[in-house]
Amino acid sequence: MSRETLIQVENLYRDYGNLHALADVNLTLKRGEVLGFLGPNGAGKSTTMQIISGNLAPTSGRVLINGFDILDEPRQAKAALGFLPEQPPLYTELTVIEYLEYCAKLNRIPRADISKAIARACERCGLGDVQKRLIANLSKGYQQRVGIAQAIIHTPEVVILDEPTVGLDPIQIREIRTLIRELGSDHSVILSTHILPEVQSTCDRVIIINRGKIALEDSLAGLDSRLRKNIITVSLGNPPELATLTALNNVDTVEQLSEGRYQLHCSDDFNPADFASSAVNNSWQLNELTPQTGSLEQMFIDITCSDNNSHQAEEVTA
Amino acid sequence: MIIFSIAQRELRNMFNSLLAWIILSGISLIVFLILVTLVKSYLDNPSNSIGGVGVTGTIVSTIFYFCSYLFILIAPMLTMRSFSGEFKNKTSQLLFSAPISMSEIVLGKCLGLYLFGLITAVIPLLITLSLVFGTQLDAGLYFSSLLGFLLVTFTFMTIGVFASSLTDHMGLAAFSSIGIILFLFWLVELVASLIKVDAAQSALQYLSISKHASPFYNGQVNSSDVIFFILIITTFIVLTIRKLDSYRMQH
């Protein structure tokens with residue numbers, strides 16, 4: 001079966017007055033995919049999620065969910081969609097069961113299937129023990145789970161989660177991430193977050209958004225290889241002058257970490273084998289040659305900060 | 001039906017908080033006190049009966065009339081949460097991302113409030129029915145008063161829902177609905193009396209809710225008055241739907 005496209009976002013623009021919150025955002029989500037939507041605070045993540053879920057109208061551009069336009073055929077589009085906003089939309093004066101029953105009705109689940117749907121959602125989200133408790137009395141982690149249960153109660157094709165782990169303790173975070181990974185097996189998921197390990201541990205593909213524009217889009221594997229290439233840590237028993245290392249082919253800069261230990265920042269064409277042979281030829285006594293798995297964090301900061309700088313530059317020239 | 005689910009939720013929401021109970025008990029107490037006062041003054045001097053309309057006219061209609069006045073304050077208290085509260089708690093996102101239309105949401109909310117209006121109507125209804133033990137009641141006047149009360153409360157509720165869709169600040173929503181209600185209830189007549197242009201004057205006078213409500217309390221059910229209430233309720237429902245649709249544009 002070909003992996004059909006469930007969400008297609010085309011040329012999305014959103015202005016708040018003079019502020020351009022989103023500019024030309026395009027994204028697609030395929031069936032069974034977990035897409036990480038990454039960006040610093042205020043980058044336009046929530047705005048995008050709100051538009052995809054039909055809570056906000058775009059200034060221009062369109063959103064297709066399962067082939068239905070969210071503005072022209074909202075009912076069909078929204079039926080395929082489960083949404084957990086940044087702040088879970090909970091009626092805290094209800095019990096978990098009452099709340100989920102209401103959500104089931106809102107999502108037009110036939111009356112006969114409601115209790116089955118509630119039982120399934122509760123089981124998936126581990127809510128079995130708290131079903132009869134008031135939502136107001138639940139811990140934040142459990143409230144978040146109720147929010148996720150609400151989003152999957154009608155088994156939508158797409159689940160959109162907007163910063164689902166904010167404000168949780170580390171154990172809760174791990175549990176929610178496990179839950180998200182499980183969701184990925186039979187739903188497509190868009191996960192918006194500014195927490196990088198979350199993306200690394202749950203997503204297949206990553207989109208980094210900054211200042212309302214998509215700054216980078218790649219699969220997680222592609223990102224890993226992209227990260228691995230460029231930084232190499234070497235340790236030499238008989239190191240040459242720093243300048244000699246810098247002068248090597250495809251090495252951009254060299255950083256000395258400690259006596260005899262260096263970090264090479266290389267261009268894309270750098271081949272570690274070449275370095276090894278020159279180390280042998282010059283008797284530098286190569287002890288260590290470790291490709292650095294650069295953190296996503298570094299890349300994230302590089303992308304978002306470099307963009308900031310260029311933006312500032314634009315402002316200066318303007 | 002999704003509208004009924006929303007209406008049920010809205011109604012439950014009122015009874016989950018103290019507010020509904022306080023309102024119901026307050027109305028019971030007030031209606032009871034008025035009844036006692038009216039009965040006493042009627043017994044003291046039966047000839048004072050307003051316009052010779054008998055006990056139903058003096059007591060029952062007056063009570064329903066007074067109760068509809070109470071709703072100038074009660075309706076905004078009930079309706080301020082219906083959208084402002086949802087905006088504030090962000091639960092509106094649950095409604096907006098569900099496969100339901102704005103019209104269904106608004107109609108559901110209004111229906112829930114109308115049901116509360118019906119429940120409140122039971123109180124003056126039962127209390128005044130106690131008069132049956134001492135006298136004969138004019139059934140026609142009785143039901144036209146009840147109908148008048150219901151139409152006025154439904155109108156106030158709808159205005160409240162509209163005001164509540166304007167802002168996520170509940171206090172502001174309550175104040176603006178009191179403002180709109182007061183204006184349409186009688187300020188509009190005051191303004192009309194100041195205007196010297198005939199067409200504008202009669203147009204403004206036509207808008208007055210109290211002018212269209214008072215015939216009901218005199219036993220008259222004019223189709224033109226009923227249509228007026230249906231029109232004004234529909235207008236505010238449509239305005240609310242439009243407002244919510246445009247809410248997505250602004251925020």
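In the predicted model, the side chains of A:Arg75 and B:Glu104 meet in a salt bridge, with an N to O distance of 3.5 Å. This distance falls within the 4 Å limit set for a salt bridge. The pair joins the two chains, and the count between chain B and chain A is 3 salt bridges. Polar contacts were also counted across this boundary. Between chain B and chain A, 7 residue pairs are in polar contact, both partners being at pLDDT 80 or more.

H1(B) gives the largest share, 7 residues. By class, this side of chain B has 9 nonpolar, 11 polar and 5 charged residues.

In total, 25 residues of chain B are in contact with 28 residues of chain A. About 2500 Å² is buried between chain B and chain A. Carbon and sulfur atoms give 53% of that area.

The volume of the largest cavity is about 60 Å³. Residues from both chains line the largest cavity. From chain A come A:Leu81, A:Gly82, A:Phe83, A:Leu106, A:Asn107, A:Gln150, A:Ala151 and A:His154. From chain B come B:Leu94, B:Ser97 and B:Ala98.

Two elements of chain A, strand E6 (81-84) and helix H5 (140-152), each supply at least two residues of this lining. E6(A) provides the largest share, 3 residues. The lining divides into 6 nonpolar and 5 polar residues. No charged residue takes part in the lining.

Salt bridges were finally counted for the whole structure. Over all chains, the count comes to 16. One of them lies within chain A, where the side chains of A:Arg31 and A:Glu4 meet at 2.9 Å, N to O. A:Arg31 lies in the loop between strand E2 (19-30) and strand E3 (34-38) of chain A, and A:Glu4 in the segment before strand E1 (5-16) of chain A, so the pair ties together parts that are 27 residues apart in sequence.

How values were computed: Residues are numbered from 1 along each chain as its sequence is written. Chains are lettered from A and ligands numbered from 1 in the order in which they are written. This is a predicted model: local features need pLDDT of at least 70, side-chain atom pairs count only at pLDDT 80 or more; totals for chains, interfaces and linings use all residues. Side-chain values use heavy atoms; hydrogens and water are left out. Contact means heavy atoms within 4.5 Å. Buried area is the accessible area (1.4 Å probe) that two parts lose on being put together, summed over both. A polar contact is a pair of N or O atoms within 3.5 Å; within protein, one must be able to donate a hydrogen and the other to accept it, and residues adjacent in sequence count only if both atoms are side-chain atoms. Helices (H or I, at least four residues) and strands (E, at least two) are DSSP runs, numbered from the N terminus. Ala, Val, Leu, Ile, Met, Phe, Trp, Tyr, Cys and Pro count as nonpolar, Asp, Glu, Lys and Arg as charged, and the others, Gly among them, as polar. On a 1 Å grid over the protein atoms alone, a cavity is a set of points where a 1.4 Å probe fits but cannot get out, and a pocket is an open set with protein on both sides within 12 Å along at least five of seven lines; lining residues have an atom within 4 Å of a point. Grid points are joined across faces, edges and corners, and a volume is the space filled by probe spheres set on the points.
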